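Work through the exercises below with the structure open beside you. Try each task before reading its solution.

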Amino acid sequence: MGRLDGKVAFLTGAGAGIAKATALAFAHEGAKVAIAEINVEAGRTAEREVRAAGGDAMFIETDVTQDASVGRAIEATVAKFGRLDAMMNCAGGSLQEDVPVHEMDLGVWQRTIALNLLHPFLCCRHGIPHMMKAGGGSIINLSSHLGLMGSEKPAYAAAKGGIVSFTRTLAAQYVDYGIRANAIAPGTVRTERSIKRYENQDWLFAENPSPAARTRVAKQKMYPFSIGEPGDIAAIAVFLASDESRMITGATLPADGGRSAYIKVYVPEE
Ligand SMILES: NC(=O)c1ccc[n+]([C@@H]2O[C@H](COP(=O)([O-])OP(=O)(O)OC[C@H]3O[C@@H](n4cnc5c(N)ncnc54)[C@H](O)[C@@H]3O)[C@@H](O)[C@H]2O)c1
């Protein structure tokens, strides 16, 4: 018996990375999954992969920053699968142009907030009425360790920090309907996007590494559990979507190998 048997889950950004791994994991545990994704090719591929693994999936072309598009995607999910039990609001990410406040283009701030903070609000706005009808549900939002602390990315940190209090508020507002809301705050997850952005960079291993490279290597030594695979976050999402986590609501679970929990003094080797 699957841990999510009989449940219907809606996942945004499930054409890639964490949400795609979660769609596969949810389906493996018996859930029917709706893949809401802006990239048609990626969404169709994810749908095929879930089906090839024996699951039930539907891809819905969706722009999660647009209210009407999200509304249509939720309605299509319920029309096909009959109900809504779990929602993982996962599409998101930061921009390289997310630079110090006095230098930032206003559009960068607005795009980052729309994708990372407006989007979960829109999904909840359209999805919660169906969870109420189903007699309960589980909302899973994506924060980041950078949302639990300050960082050099102001727009992303503000959006992901906002997720923490938005999630607590959802927990308070919908407890009487049996709806739980939690967030996951990952450290570094080796999605294709982050591998492209952060890995295989020669400068990291140069003989005279830059200060930035030194900092990255030092951080890895201080927080060896802080780098994970999409499947690590999918495992947490399965737990949060399932009834096994029925005592947990309003929480943000850091999956960051302790990066937001402790500071360890690192003494560089000579
Ligand atoms: N990867 C990490 O290291 C990491 C760390 C902390 C937090 N996170 C958070 O986890 C979440 C998932 O990250 P990921 O690395 O798996 O992302 P990813 O870039 O691998 O995948 C994101 C998916 O969202 C889709 N998408 C983008 N804009 C969209 C839109 N407007 N409408 C619908 N779909 C859209 C993309 O096409 C892509 O398929 C994000 O919210 C991110 O901020 C990731």
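**Exercise 1. The shell around the ligand**

Task: In this predicted model, find how many residues surround the ligand and which are the closest.

Solution: Start by counting the residues around the ligand, which gives 28. Next, pick out the closest of them: Ile18, Glu37, Tyr156, Val189 and Arg193. Then sort the shell by class: eleven residues are nonpolar, 13 are polar and four are charged.

**Exercise 2. Polar atoms at the ligand**

Task: Determine which atoms of Glu37, Val64 and Cys90 lie at the ligand, and at what distance.

Solution: Take the residues in sequence order. For Glu37, the atom is a polar one in the side chain, and it lies 2.5 Å from an oxygen atom of the ligand. For Val64, the backbone supplies a polar atom, 3.0 Å from a nitrogen atom of the ligand. Cys90 also uses its backbone: an N or O atom there is 2.9 Å from a ligand oxygen atom. A polar contact requires a pair of N or O atoms within 3.5 Å, and the distances to check against that limit are 2.5 Å for Glu37, 3.0 Å for Val64 and 2.9 Å for Cys90.

The next step is the surface of the ligand. Taken alone, the ligand exposes 840 Å², and the protein buries 88% of that area. Finally, ask which elements give two or more residues to the shell. They are α1 (17-28), α4 (106-134), α6 (154-174) and β7 (188-189).

**Exercise 3. Helix α3 against α4**

Task: Classify how α3 (residues 67-81) is oriented relative to α4.

Solution: First read the geometry: the two axes come within 9 Å and cross at roughly 30°. Angles under 35 degrees count as roughly parallel, so α3 is roughly parallel to α4.

**Exercise 4. Two partners of α1**

Task: State how α1 is oriented to α9 (residues 230-241) and to α2 (residues 40-52).

Solution: Begin with α9. Its axis and that of α1 come within 8 Å and cross at roughly 55°. This angle makes α1 oblique to α9. The crossing in which α1 passes α9 is right-handed.

Now turn to α2. The axes of α1 and α2 come within 10 Å, with a crossing angle of roughly 25°. The pair is therefore roughly parallel. The crossing of α1 and α2 is right-handed.

Technical notes:
Residues are numbered from 1 along each chain as its sequence is written. This is a predicted model: local features need pLDDT of at least 70, side-chain atom pairs count only at pLDDT 80 or more; totals for chains, interfaces and linings use all residues. Side-chain values use heavy atoms; hydrogens and water are left out. A residue is near a molecule or strand if one of its heavy atoms lies within 4 Å of it. A polar contact is a pair of N or O atoms within 3.5 Å; within protein, one must be able to donate a hydrogen and the other to accept it, and residues adjacent in sequence count only if both atoms are side-chain atoms. Accessible areas come from the Shrake-Rupley method with a 1.4 Å probe; for residues, only the protein chains shown count as cover. Helices (H or I, at least four residues) and strands (E, at least two) are DSSP runs, numbered from the N terminus. Ala, Val, Leu, Ile, Met, Phe, Trp, Tyr, Cys and Pro count as nonpolar, Asp, Glu, Lys and Arg as charged, and the others, Gly among them, as polar. Axes are lines fitted to C-alpha atoms, for helices over the stretch in contact, and angles run from 0 to 180 degrees between N-to-C directions. Angles under 35 degrees count as roughly parallel, over 145 as roughly antiparallel, 65 to 115 as roughly perpendicular and the rest as oblique. A crossing is left-handed if the near helix is turned anticlockwise from the far one by less than a right angle, and right-handed if clockwise.
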